[in-house]
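Hi everyone, thanks for having me. Today I'd like to walk you through one protein model, so please take a look at it before I start.

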Amino acid sequence: VAAVLVLIVGIVVLYKGDFSQEKNVLKLTQGVIPALLPGTNKAILHLADGRELILNDALRAKIETKEGVVEVDSMGVVYGIKVDSVATEKVQEYHVMTIPRGGEFHLTLADGTQVWLNSETELRFPVHFAGGERKVYLKGEAYFDVTEDAARPFVVETSMGDIKVLGTSFNVRDYEDEREVVTTLETGKVMYVSGNTREKVTLNPGYQVLEKESSPVEVRKVDPLQYTGWREGKYVFEDVALEDIMRTLCRWYDIDVVYAN
C-alpha cells in the first residue's frame with residue numbers, strides 16, 4: 001500500500017510540475033508574440049473632388065457627388081449615377097479605392113459590375129462609363145463579376161497588359177513585389193493582351209494566363225479555388241513555395257516575416 005501511495009503521489013507531482021511549466025511557456029509566448037488578427041473590411045475611397053472617406057463595417061453613409069450618389073454600408077460601396085449628369089458630362093471623373101494591408105472591400109460599379117478588392121490593392125475607376133468600353137486600372141488583386149454588355153467590353157488595365165471581357169467572372173493578381181500578372185478565369189471568356197509583345201490569349205474557364213517581366217506569356221490549366229478562394233475567406237495553397245505563402249499571409253494578417261535561415 002505504501003508503495004502504491006508513493007507511486008500515485010509521484011505521478012501527481014510530476015503532472016503538476018509539467019503543467020506549471022506549460023503555463024509559464026504559454027504566458028511567455030503570449031507576452032512576446034501579439035495576436036494575429038485576420039483581415040477586415042476597410043478601405044479608403046478617394047473622390048474626384050478631393051474628399052477621402054475611411055471605409056469600414058461600421059460606416060453607414062450616403063454621399064452626394066455631382067455625378068450621383070455613393071452609398072456605403074456593411075456590404076460595401078454601391079454607385080448610383082444621375083442620368084442627366086451622364087448626358088452633360090464631357091470629362092470622365094475618376095475615383096480611387098485603396099485597400100491597406102489586413103483589409104479587403106466590396107465595390108459595385110455604376111454598370112452593376114461587382115469587384116472584390118484584396119489587401120494592398122488600388123483600383124482606379126470612372127464614376128460612370130462613357131464611350132465604347134468600360135475601363136478600370138488595377139494594382140494588386142481583385143475578383144471581378146462583370147455585368148454583360150455586348151456593346152461595351154469591360155477592360156482591366158494592369159502593369160503588363162489588359163484583360164478584355166464582355167460578361168464573366170475572373171481574378172486578377174498584379175502586385176508590384178511579385179513582378180507578374182496572373183489572370184484566372186472562373187466563368188465566361190476573357191482575352192489577355194500583353195502590353196510588351198501585344199500577344200493575345202483567349203482563356204476558357206479553369207485556365208490561367210501568366211506573364212512575367214521579360215518572359216513569354218504562359219497559359220496553364222489550374223484549380224480556380226487556389227486563386228479565387230480569398231474572396232470567401234479561404235486561402236488555398238498547393239505546391240507553392242513557403243516565401244510565396246508567407247507573402248500572401250503577410251498582406252492578410254498585416255505582419256512582417258523574417259527568415260533566420
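Let me begin with a word we'll need: a residue is called buried when its relative accessible area is under 20%, and exposed when that area is over 50%, with partly exposed in between. Keep in mind, too, that this is a predicted model.

Now to a charged pair. The side chains of E178 and R251 meet in a salt bridge, at 3.3 Å from N to O. E178 sits in the loop between β13 and β14, while R251 belongs to helix α4, so this pair ties together parts that are 73 residues apart in sequence. Are these two buried or exposed? E178 has a relative accessible area of 15%, so it is buried. R251 comes in at 4%, so it counts as buried as well.

Next, please find R101 and D256. Their side chains also form a salt bridge, 3.1 Å from N to O. R101 lies in the loop between β6 and β7 and D256 in the segment after α4, so here the parts tied together are 155 residues apart in sequence. R101 counts as partly exposed because its relative accessibility is 22%, and D256 counts as exposed at 66%. The two pairs I've shown you belong to a network of salt bridges whose members include R101, E178, R251 and D256.

One more pair: E180 with K212, where the closest N and O atoms are 4.0 Å apart. E180 is in strand β14 and K212 in strand β17, so the bridge ties together parts 32 residues apart in sequence. E180 is buried, at 19%, whereas K212 is partly exposed, at 39%. Among the other residues that E180 touches are M160, Y175 and L210.

Let's turn to the nonpolar side. In soluble globular proteins, nonpolar side chains tend to be buried together. Here, the largest nonpolar core has 41 residues, and M97, F144 and F170 have the most contacts inside it. Strand β10 gives the most to this core, with four residues. F144 touches F170, and also V136, L138 and F154, among others.

Technical notes. Residues numbered from 1 in each chain as written. Predicted model: local features only at pLDDT ≥ 70, side-chain atom pairs only at ≥ 80, totals over all residues. Heavy atoms only, no water. Core = buried A, V, L, I, M, F, W, Y, C linked by side-chain atoms within 4.5 Å. Buried < 20%, exposed > 50% of the residue type's maximum accessible area, 1.4 Å probe, protein only. Helix = DSSP H or I, 4+ residues; strand = E, 2+ residues; numbered from the N terminus. Contact = heavy atoms within 4.5 Å. Lists of a residue's contacts leave out its neighbours within four places in sequence.
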